[in-house]
Amino acid sequence: MSVGGFEDTVFSDPIHWTIGPFHPILPSPFKLSAQLDGEIVSSAVVHSGFSNRGVLEVLRRQTWGKAIAVLGRVDPSSSVFSEWAYCLAVEKALGLELHPRTLGIRVVMAEVTRISAHLYQLSRIAQQAGSEVAFHFMLREREQFLDLMELVSGSRQSPTFLRIGGVRDDVSEGFLERLQEVCHRLLERVTEYNDLLTYNEAFVRRISGKGVISSQLVRRHGITGIPLKAIHTNQDLRWLGQAPGYELVQHQESSRVPPVGVEGDLHHRFVFCLQEMTQSARLLQELAQHLPAGPYRIEGAFDRVPPGNFSAVVEAPRGRLRVEVTSDGGDRPISLSWQSPSVALLQALPEYLRGASIEDLGLWLMSLDLQIGEVEL
Amino acid sequence: MITGSNWWEQLQSQGVTLLATLFLAIYLASWADMKVGADLQARVGPNRAGRAGILQPLANFLRTLLKVGPISKVRKGGASHLWWVHGLPLFMMAAVVPVSSGGPLLQAPLAIFTPLALGLLFSWSGLLMAWRLECVETRFWAIRQAALSLAAIPPALLSVVVAGLEAGGFEWAKIGQSQEFLPSGWILFSSPWAFIAGLIFFLCGALLFSMSPFSGAPLVGHSALSANSGKIGVREVWISAGRRLAPICWNLMALEVFMGGSHLPAGLLAAAHGLPILETAFRILLLLLKLQCIDIGIVLVSRTLPVVRVEQSYDFAWRVLSPAAVLCLMAQRLVMR
């Protein structure tokens, strides 16, 4: 006799559980079908395709310069990086050599965005861990960095600030002083995050040894970003000399964070993310003091790009973002290709989630910082 | 004790007083929860409904009532609903018995264990209701609730035994008589064992009613039991009401057992001039004050600490609380000998 379906959940076959495409524990809209063995995910299947917006098609219809306005919609939480990768690819095609001030301003914008994106990710982890105070503290600091974006570009999340051959405007008056102040405050507040979460025994015990992204998994799926850098610290494009502008600041190689539990586990990645954020804050402080003077843009129309395929890679907060543009010599791209870090994460998700308890599923998912917007273009 | 021909009137007046205490405590606790929680998170918190948002719990209650509909609608929930609907008032009644100056259970032997049993019943009635929702999240929640309550009741029971041994009996009257107004006269501070037992009792309440940081995964509260999800929303109101009421009832018990209850100082008793109404009002105010202090402490802890996994909660209960309670009991017996 069935008493409220008791035997269905305890004594019989594994349970099939489907969540999404919209669910609070999902980082982005997708459907997750999991097979549960007790409370443990034994296998998972990801169904995506719920937020296709035809961005690439829209981009193909824009002229080279106007396409930048659409790029902010690819990944709203770190849109500067989409603009940056695209501009770098086009500038490579045009053979432009940028002014030092342009490079400096671009690095500032990128690092402000990186900190904002990391704070957002960490706040979501804190929320999933049930630490409401840490969640609000992180969002409070993130607001300061969004204010900085607004101060320089007039927009908080989609600045549309980069231009082919430069940036839209010079930094506004008082911006650099404010930047120093906000970065200084963030470095002080990191102590609070450490007290509330990083070295909190309850938090460490909860996530240590869980959600491991091993170097095999990284290699198999081509995962970049925090999961890769937490294991192999010398994999940051910024310090490998492949990101223009970072030669303006002192080389800041990430120091290896010794894992408390297993290498590449959730706690290890969390600490590395915090470390990268503080590293960015120090970098910004240095750049605010020594931002090169001079013009911030190469004057010119740049309405036609020589024919050929041109690509550029940037180290975005989630990992390496590669953009490839194809030109036939006309005034707009004939095709664009977007290789975002979230693709690899989405691909690795079923393997990654195997062994997760449903109680920690939200934490495991949020720690990946997966943005479906940059996958479903 | 309620005696004499007018026992029914006495019981009615006491019942009204007790329920007024409880609801006032719940009201203030809700407000403090919102205000202190907001302050911790660098927010202003409720500030629209009344001065400093003091009317916000009332506004929330009215909003919920309007959203969910009349109470008659709740009865459509099925048989498991009845457990919940009746479990809560039963537990509330049992919890407020010791506050009364007289009551049928006040001098009954082993009466201090009654609220524990009803607390367990109440906790399991939530389990049954969650089970009936027939979705994966709620069923897991129900299983966890069962396991948590099983893990929390033994140490709670043992800690009450420690208090009873300290007081010299397991009747509410004995517990009340053995304590005074000042903290030095509380069972909590009578011995190190009693102090640890008191802490264990508070922690067991948090475990039994799934309070943060022992609340487990946020899966259930967020999705399946959302207030916007039709008929499930009605049950969610009961579950959230229970989760608000039950810890306060538990804390009220803890106050009576370990923290001097509503014992007034001699000066205040003299100020009451033998007027029962004034004396009752003083007692209620004292209880509310103590409850608020405890509640603020709970808010500070629960809002700051991350939520632990449910098996960590079991581990904590079985491996830490239960052995600690047994040790307290043994130490108490040794001291008494």
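What follows is a short exchange about a predicted model.

Biologist: How many of the residues of chain B count as buried, as a percentage?
Modeller: Start with the surface. Chain B exposes about 15300 Å², and carbon and sulfur atoms supply 70% of that area. Buried means under 20% relative accessible area. Of the 337 residues of chain B, the share that counts as buried is 52%.

Biologist: Which share of the contacts in chain B with a separation of 6 or more comes from residues 24 or more positions apart?
Modeller: One example of distant parts being linked is Phe201(B) in helix 7 with Trp250(B) in helix 9 (residues 231-258), 49 residues apart. For chain B, residues 24 or more positions apart account for a share of 77%.

Biologist: How far apart are the end C-alpha atoms of helix 7 of chain B?
Modeller: Helix 7 covers residues 192-208, which is 17 residues. At 1.5 Å a residue, the helix should span 24 Å. The model agrees, because the end C-alpha atoms are apart by 24 Å.

Biologist: Which residue just after helix 7 of chain B takes a positive phi?
Modeller: First, the helix itself. Its buried residues include Ala194(B), Ala197(B), Gly198(B), Phe201(B), Phe202(B) and Leu208(B). Just after the helix, a positive phi of about 50° is taken by Ser210(B).

Biologist: How many aromatic pairs are found over all chains, and is the pair of Trp239(A) and Tyr246(A) stacked or edge-to-face?
Modeller: The search of the whole structure finds 11 aromatic pairs. For Trp239(A) and Tyr246(A), the ring centres are 5.6 Å apart and the planes stand at 80°. Planes over 60 degrees apart count as edge-to-face. The pair is therefore edge-to-face.

Biologist: Are Trp239(A) and Tyr246(A) buried or exposed?
Modeller: The cut-off for buried is under 20% relative accessible area. Trp239(A) has 11% relative accessibility, so Trp239(A) counts as buried. Tyr246(A) has a relative accessible area of 4%, so Tyr246(A) is also buried.

Biologist: Is the aromatic pair of Phe201(B) and Trp250(B) stacked or edge-to-face?
Modeller: Both Phe201(B) and Trp250(B) are buried. Their rings lie 4.6 Å centre to centre, with 15° between the planes. Planes under 30 degrees apart count as stacked. This pair is stacked.

Biologist: Which residues form one aromatic cluster in chain A?
Modeller: Begin with the edge-to-face pair, Trp239(A) and Tyr246(A). Two further residues belong with that pair. The cluster is Phe81(A), Trp84(A), Trp239(A) and Tyr246(A).

Biologist: What is the bridge partner of His16(A) in strand 2 of chain A?
Modeller: Strand 1 and strand 2 (residues 31-37) of chain A pair in the antiparallel sense over 5 bridges. The partner of His16(A) in strand 2 is Gln35(A).

Biologist: How many residues lie between strand 6 and strand 7 of chain A in their hairpin?
Modeller: The two strands belong to an open sheet of order 6-7-8, with antiparallel pairing. Strand 6 and strand 7 pair over 9 bridges, and Gly308(A) stands opposite Ser327(A) in strand 7. The number of residues between the strands is 2.

Biologist: What is the bridge partner of Val325(A) in strand 8 of chain A?
Modeller: Strand 7 (residues 319-327) and strand 8 of chain A run antiparallel and are joined by 5 bridges. In strand 8, the partner of Val325(A) is Leu336(A).

Biologist: How far apart in space are His268(A) and Gln347(A), C-alpha to C-alpha?
Modeller: His268(A) lies in helix 11 (residues 266-289) of chain A. His268(A) is buried, with a relative accessible area of 1%. In sequence, His268(A) and Gln347(A) are 79 residues apart. In space, C-alpha to C-alpha, they are apart by 22 Å.

Methods: Residues are numbered from 1 along each chain as its sequence is written. Chains are lettered from A and ligands numbered from 1 in the order in which they are written. This is a predicted model: local features need pLDDT of at least 70, side-chain atom pairs count only at pLDDT 80 or more; totals for chains, interfaces and linings use all residues. Side-chain values use heavy atoms; hydrogens and water are left out. Helices (H or I, at least four residues) and strands (E, at least two) are DSSP runs, numbered from the N terminus. The expected span of a helix is 1.5 Å times one less than its number of residues. Buried means under 20% relative accessible area, exposed over 50%, partly exposed in between (1.4 Å probe, protein chains only). Two strands pair if DSSP finds at least two bridges between them. Contact means heavy atoms within 4.5 Å. Accessible areas come from the Shrake-Rupley method with a 1.4 Å probe; for residues, only the protein chains shown count as cover. Rings of Phe, Tyr and Trp (its six-membered ring) pair if their centres lie within 6.5 Å; planes under 30 degrees apart count as stacked, over 60 as edge-to-face and the rest as tilted.
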